Amino acid sequence: MYHGIINVYKEAGYTSHDVVAKLRGICKQKKIGHTGTLDPDAVGVLPVCLGNGTRLCDMLTDRSKEYVAVLRLGIVTDTQDLSGKVLKESEVKVSSDEVRNTILSFQGDSMQIPPMYSALKVDGKKLYELARQGKEVERAARPITVYAIEILKESHPEYTIRVECSKGTYIRTLCHDIGQALGCGGVMASLTRSRVGEFRIEEAHTLGELQKYADGDRLEELVVPVERMFEGLPKITVKESARKALQNGNQMKSSDFAEWNKDANASLTLYDGREFRVYSHEKVFFGIYRYEQKRKLFCPVKLFFTQ
């Protein structure tokens, strides 16, 4: 069984669920999960977790993301992209300068109302299921952060933008909101997800490429080990006598550790809440522990070791 993460390039026409289903066949294992839905028409980075790497899904979903989108002004649709029903078309009377200023004004913290055509649930039902029934329900606005936004190309009334944002940000809705702010409406004409956390589009692989690696018995080369997601944390190793306690996921004392990471940037200072990569005496990665100053104990945060 494979354990870790594969950086998949999701092609247009596939749902995120489709990608997982096909990867189960390629990897010949069932324990697989993706790290955040990408619209069927969208392309780009979709990290997929394998084996004990599925315990990372929630963590990777929380990572910042980067997108390249084409915003088309003068159109409003029910899905906020070009796949939907056109609700309104307007002449785009605003100038390029007004468009540029408005787009850039969306950088920073804001509240965003999720679209009806989304996988969010209200009273146990997915919003897009209600939308397909012609229903619209009230959605609470959610805090989002646009860390950076820039205009890559202008072809008025179309603008290609790059957006670096927090989890939960809908780029379709961002395009819609920009259009509303300009008074002419706007939709997302295309979307590419270029980065999720440290996973970039340049290193992503299509399902066809992954199948070729699997056929050549080389798929392991493309699986990113779980521990690499925590390279920024200092590494500590338990003594052989504490191996069983570690395997059972027990809390640990400082005296249970035999070796600290000797990297120049890794201080030995302990403080409340500090997290560590924890390894057995055989140098096997077990998981992440957090130090609790009050009890002077290392407590498990997430364990990845598989028997």
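Are Phe 276 and Phe 298 buried or exposed?

1. Both Phe 276 and Phe 298 are buried, a term that stands for under 20% relative accessible area, with exposed meaning over 50% and partly exposed lying in between (1.4 Å probe, protein chains only). This is a predicted model, in which local features need pLDDT of at least 70 and side-chain atom pairs count only at pLDDT 80 or more, while totals for chains, interfaces and linings use all residues. Residues are numbered from 1 along each chain as its sequence is written, and side-chain values use heavy atoms, with hydrogens and water left out.

2. Eight aromatic pairs are found across the whole structure, where rings of Phe, Tyr and Trp (its six-membered ring) pair if their centres lie within 6.5 Å, and planes under 30 degrees apart count as stacked, over 60 as edge-to-face and the rest as tilted. Among them, Phe 276 and Phe 298 form an edge-to-face pair, with 5.6 Å centre to centre and 65° between the planes.

3. Phe 286 and Phe 305 form a stacked pair, 4.2 Å centre to centre with 10° between the planes. Phe 286 counts as buried because its relative accessibility is 2%, whereas Phe 305, with a relative accessible area of 23%, is partly exposed.

4. Phe 230, Tyr 279, Phe 285 and Phe 304 are linked by ring pairs into a cluster.

5. Charges also sit over rings, which requires NZ of Lys or CZ of Arg within 6 Å of the ring centre and within 35 degrees of the ring normal. The charged end of Lys 235 sits over the ring of Tyr 279, 4.6 Å from its centre, and Arg 243 lies over the face of Phe 305, at 5.4 Å from the ring centre.
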